[in-house]
Each structure stands twice: as C-alpha cells, then as structure tokens.
Amino acid sequence: MTSPASRFDILFEPVQIGPVRTKNRFYQVPHCNGMGHGKPQSLAAMRGVKAEGGWGVVCTEEVEISHFSETSPYQEGRLWDERDIPALRLMTEACHAHGALAGVELFFNGYATTNRYSREIPMAPSHIPVQASDPVQARAMDKTDIRNVRRWHRNAALRARDAGFDLVYVYAGHDLGMPMHFISRRTNRRTDEYGGSLENRVRFLRELIEDTKDAVGDRCGVVVRLAVDQLLGPLGITSENEGRDAIALLAELPDLWDVNIADWSNDSQTARFSQEGYQEQYIAHVKQLTTKPVVGVGRYTSPDAMVSAIQRGVMDLIGAARPSIADPFLPNKVQQGRADEIRECIGCNICVTGDNLCVPIRCTQNPTMGEEWRRGWHPERIAPAQSKDTVLVVGAGPAGLELTRALGQRGYEVALADAGKRVGGRLLNDASLPGFSTWMRVADWRLQRIQSMPNVNLYLDSRLGADEVLGFGFNRVFVATGATWRRDGLGRQHRAPLLDTSNATLAAKVFTPDDVFAGTPIPSPVLIYDDDHYYMGGALAEALRRKGLEVLLVTPATKVSEFTDMTMEQHRIQSGLHKLGVQVFTNTEIAAVHSVGSGLIVGLKNLYSDKVAPQQCQSVLMVTMRDPSDALFMALQEREAEWVGAGIRSVQVLGDAYGPGTVAAAVYAGHRAARELDAPELPLDQVPFKRELIAIEPASAD
C-alpha cells in the first residue's frame, strides 16, 4: 500500500525554469492583495509566510512599470524607477529566507488602466475607450510608443533583477496586459506589422519576451502569463484556435508558460459557479505545444487532484492564488503527511474584495491573512495560554468555532455549547443554498481540529440561559449566538419599519430567510425584497425558483446582489436568474404592502420616477437586515453583580451577535478574541496594530 508521503512525492520534485530551479511544484501565481506599493512591509510579511509554508515559488501581484499605465486607486506593485527597489526587495528577501523563488509580474495594461493618478492618456493598439466607466479613451500607439513601452519593460526587468527576483513575467493575461490587447482582434484594428494576421498581432508579445530574456535571462527565468481563452466564442481568443496558435508561435521562447482564461472574473470563478480544476479543459493542450514547463490554476485544494493534473500531463507546476491564501502552509502539510489538516479554500472570493476595495486582503478560512505584519499574526502559531482561566463559548457558528479552536490551540480549557444538534450556525443555512456547499468547510475544518484537542469539550443540543452560565463556574464567557433576519423591512432603504408586523393577517404572509431555512412553506408567487445586496437575496431567488415557485426579485440597488461585483460573480448571478425566469425589478423599493384576500398587493416605487405600480403576489420574503441574537449577553450584563460570586472574570459578545456581517468577519472576530484573551488591555485611543507611515524626505536646498 502506498504511504501518503510517497503518493505525493511527485509534488515535491524540483522544476527547472530557465536559469533557476524550484524546490517543488507548488507555485503561488501572482495575485492582488490590496497592499501593493502602499504597504510593502505588510506585503512582504504575507508573501514570506507563504514561503515559510512551503510554496516553491511566490509571486507578486501586478507591478506597474511606468506612470503611463498605473492603477490608482488600486494598491498594486510599483517599479517605476530605482526608488521602488527597496520596497520590493523586502519581499524577495522574505521569500529567499525560506528557500522559495520570488516572481514579479510586470505589467503595462494599456486601455485597462485609466491613469487617474498620473493623468497620462492611456495607450492601446487602436483607439478605444478604457475598460472602466471613466470618460476617458485610450489613444492608438504609434511606433515610438511601442518602442517606449519595450524600453520601460526592459528597464523594469533590470530593476526587478536588482531587487532580487528570480522570475520575471511578461504579462498577457486577464484582458488586462497590453500584449493581449495586441493579440485580440477585438482590440487590435491595426493594419501595420502589429496588426492583421495572428503572427503580426503576436509580434509585440514576442518582442517583450526577447527584450526581457536579453536583459535578465542569464539570471532570471522569464515567464509568460497568457489567457488562452476569453470565453467569448468566435468574438474572442479561444483555446481551440488563436489561443493555441499563439502559444505554438512562441512555444520555446519563454522559460515557463503560466496559462489561464480571461477575464479575471472567469479566471477566479467562485465555487458557486465552478468546480476544482475547472480550467483544465482550456489549458490541457498547452503542454503538447511546448517543451517548456507549464503552470496552471483551477482552485486546487486536494493534493490528489494536484497529483492527477501532473500525471495526466496538464501542467508541471500547480498554480494557486486562493488556496495559498486560505492555507499558506498547504505544501508543508502535504509533505509532512498532514493533508487532512489543510484549511481548504471555499471559493467565496472575499479575498478579491480587498483588492477591489483598496484595503488589505482578507480570507474567510484564514483570519490571519493580511495581518501577518501589522498584528504579528501567524496562520499556524499562536501564543500559549497566559492563565489557568477556564472558558465557556456559547454558539458554534463561525465566530464561536474559530474562537474555540484558537483558544484550544493556546492551551485553555474550553467548553463550546450550542443549542443546535450540529455545529455551524449560519453556515448550515448558507451551505444549503445552490452552489454554496464548500462554505461548510469553514465549520468542518474547525470541528476536526477541536475534536483532536483533549482540552476542549463540545456540547450540542444545549440551550443555555443566564442561570446556567452563572452556575457553571467558568472564568471567561464568550457569547457568539449569531443573528436573525428582520421581518418588517427595516434596512438600508427603509430606516424605519416598513410593515406593521403586529397585524397578524399581514405578518402571516411575510417571511424571512430564517423561515426558508426552517422549511416553512413559502406561497407562490413570492416577491423577494433584497435590501441586503450581498449573496442572500439572489441565492434564495435561485433556490425557490428551482423548487418551482414563481419568483419576483425587487431591489433598490442598480443590479441584483450588487455587492457581489466585489467578488466578481454579480453578472453570473443576475444572468442565471434571468435564465431561470425570475422577474427582476432594480432601482425599486417597496412603498407599501396590503393584505388582500389570500394574497398581497405590493406597491413598487421606482426610485427615480417615484411612480408606484401595484404587484400581486402570495407572499413577500424580506432580505433586509439582521438583528444580533444577544439576549443571553444582555441578560448576563444585567446580572454583572453576580459575576464575582460565580467565578466569572469577563463576558464578551462577538461575531454576528455583536455586529452582523460576513462569515469572514465572524471568523476574524473569533480569532481576534482568542489572541487577545489575557493580553494587556489597550486604551481605546491607541491603534491596536502597526501602521506603515510615509517617510517624508528632507526638502532639497534651493
């Protein structure tokens, strides 16, 4: 019988990439993180932890090579001139300290950048509006512009070499890199030697590769990142035609091919819309076209799936962004025979929101992500217990589970109690929605770790009141009892209750997500009022429609599940509802709801015209806001005078019971509370984390 270690040995074979050699096949592909040039110490610490965790290659995010193509306000990397080298050297040193190669993704993104900071006019192969909605157009490049971009790229490659990078990218992916704009007929209407035939359209990419190899090829491996399919059919590049042919034309030129699909929302699809290894059908042919090594992605979390991809000849290195975020120590766990301890990515794309919102990256599974430098958090290590205090955690949802796990790791004696028969809290509901099954990994991983700890006890089907808590004798009490959805329509659009829920006839026809998850029959047609704007409204519309109900979705937002623009899944959500036959009303609020006979008349008001139109339905499903389920905490607060006699030193509420938010926020709250137990209490006006302050250079003499 093959042992786990030998079964995965192929993953730990070195791979030669030009003049450099990886220690294994684990390759953290470039990914954005919301830190970039603005927070280089945070960035270096985050990448360094991945190198420590065993990733053989650790790459940057996009790195600007010139102010003529910059991404402000987004926080990407920057290598405009020599002054940017020290910040990037922090990362290469952090990677090299643990034996990893460091890769840099240089980019010039043409019409995909608006140059909001530099105010330079963007450039493109042909005249075209920029990708963003800014009233800006990119101008067509002339031959001088092409020579300038080549020069800027070459100089940036030399600076990257001097910063200590081992791999230098030529970026032609995601519908972002300018070389891809030259390759695609959609954006290249030129009639000179850079347009027309595919060989001409590939010319600019060829020149950049040759320039880069000439500049750094004796020291650094040169990588090409190319999207081989735009998922646009004959309107764009496809893996069967020009994607394949472009690679064939350049097959042996780079030292490594990093291949994926475009655009970014396709490349980083959520688990709701794709499975592990979903890109294989587009990239599997690449190794047949070149002798150079190939790296690809597909949200691989299973070591067996990784081995299979290599053995089947799909790729030579396992590329990962999101799995490396969820578990920076994934490679080490595989190598040490601890694959069952991998904190698997759930494919929620909360990590992507960091970049889109220009704040440090975060992760639902890994609450230490983005906190490595500023808080000193490590994904695998935590300070031991500082006292003999015993701890009671009430609520086994995401906050309570992470709190219990982390406190157990620290060595505290912990009891976790929950009123339900299964752990998971809100995750039990979320994971039951179409496409959300991976979200249960948040609970499953923590339950697995808790069950291995002799100092932690789990009590299910145990509803606790203040009397029980005061009688147990625990020194520390944490209340993580979640939240419940409101029925009256109070939310963002309606700052006062919309419905009088004391009207029993009306209230009987108004439901909440909690009712759906409890199995309460929802009469059809049902009108879903989504004033939450994240995934819940759209997911419930899909779930109910798939059960055969007639569904209308009404939202004050400009689109369905509007916040999911930040997770790059909004278009798939709304187009999916359209295909299912869900009727959608955007820019619309509920003005009034009246009970008429067995049904309802709902007044729908357009936000711009104030016109109100009646809509008949049998039920309304309110998805507006949640109230913290903090009754136990409030009851304990009222009896604070009894704490000392009961041996209680503190009572704290956290997670959704404190402030309802995302699952990621709840996990983070649990982790933070665990780390801060018995730590010195800081004054409220003291910032609890390090900040990267801008150093002011002395003014030069006139």
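# Exercises on a predicted model

The axes of helix H15 (residues 398-410) and helix H25 (residues 663-676) come within 7 Å and cross at roughly 30 degrees. The model is predicted. Each exercise below has a worked solution.

**Exercise 1.** Classify the pair H15 and H25: are the helices roughly parallel or roughly antiparallel to each other? Then give the handedness of the crossing and the residues that make the contact.

Solution. 
- Step 1. Take the angle, which is roughly 30 degrees.
- Step 2. Apply the cut-off: angles under 35 degrees count as roughly parallel.
- Step 3. H15 and H25 are therefore roughly parallel.
- Step 4. Their crossing is right-handed.
- Step 5. H15 makes the contact through Pro398, Ala399, Glu402, Leu403, Arg405, Ala406, Leu407 and Arg410. On the H25 side stand Val663, Ala666, Val667, Gly670, His671, Ala673, Ala674 and Arg675.

**Exercise 2.** Treat H21 and H22 in the same way: find their angle, their handedness and their contact residues.

Solution. 
- Step 1. H21 spans residues 535-546 and H22 spans residues 570-580. Their axes come within 10 Å and cross at roughly 20 degrees.
- Step 2. H21 and H22 are therefore roughly parallel to each other.
- Step 3. The crossing in which H21 passes H22 is left-handed.
- Step 4. Gly538, Ala541, Glu542, Arg545 and Arg546 of H21 meet Ile573, Leu577 and Leu580 of H22.

**Exercise 3.** Describe the setting of Ala541: is Ala541 buried or exposed, and which residues beyond four places in sequence are in contact with Ala541?

Solution. 
- Step 1. Ala541 has a relative accessible area of 0%, so Ala541 is buried.
- Step 2. Beyond four places in sequence, Ala541 is in contact with Ile528, Val551, Leu553, Leu577 and Val582.
- Step 3. Compare a residue elsewhere in the chain. His127 and Ala541 are 414 residues apart in sequence, and their C-alpha atoms are 41 Å apart in space.

**Exercise 4.** Trace the polar contacts of Asp327: which backbone nitrogens does the side chain of Asp327 reach?

Solution. 
- Step 1. Asp327 sits in the loop between helix H12 (322-326) and helix H13 (330-335).
- Step 2. Asp327 counts as buried because its relative accessible area is 0%.
- Step 3. A polar atom of the Asp327 side chain lies 2.9 Å from the backbone nitrogen of Phe329.
- Step 4. The Asp327 side chain also reaches the backbone nitrogen of Arg343, at 2.8 Å.
- Step 5. With neighbours within four places in sequence left aside, Asp327 is in contact with Trp55, Lys333, Glu341, Ile342, Arg343 and Glu380.

**Exercise 5.** Repeat the analysis for Asn266: which backbone oxygen lies 2.6 Å from a polar atom of the Asn266 side chain?

Solution. 
- Step 1. Asn266 belongs to helix H9 (residues 264-267).
- Step 2. Its relative accessibility is 11%, so Asn266 counts as buried.
- Step 3. The oxygen is that of Ala262.
- Step 4. Not counting residues up to four places away in sequence, Asn266 touches Gln230, Leu231, Ile261, Tyr278 and Arg572.

**Exercise 6.** Explore the nonpolar cores: which members of the largest core touch the most other members?

Solution. 
- Step 1. The largest nonpolar core has 78 residues.
- Step 2. Leu11, Leu106 and Leu226 touch the most other members.
- Step 3. Look at Leu226. Beyond four places in sequence, Leu226 is in contact with Ala172, Ile183, Ala246, Ile247, Trp257, Asp258, Val259 and Asn260.
- Step 4. A second, separate core has 60 residues, including Phe436, Leu544, Leu577 and Ala673.

Technical notes. Residues numbered from 1 in each chain as written. Predicted model: local features only at pLDDT ≥ 70, side-chain atom pairs only at ≥ 80, totals over all residues. Heavy atoms only, no water. Helix = DSSP H or I, 4+ residues; strand = E, 2+ residues; numbered from the N terminus. Buried < 20%, exposed > 50% of the residue type's maximum accessible area, 1.4 Å probe, protein only. Polar contact = N/O pair within 3.5 Å; in protein donor to acceptor, adjacent residues only side chain to side chain. Contact = heavy atoms within 4.5 Å. Core = buried A, V, L, I, M, F, W, Y, C linked by side-chain atoms within 4.5 Å. Axes fitted to C-alpha atoms, helices over the stretch in contact; angles between N-to-C directions. Parallel < 35°, antiparallel > 145°, perpendicular 65-115°, else oblique. Left-handed = near helix turned anticlockwise from the far one by under 90°.
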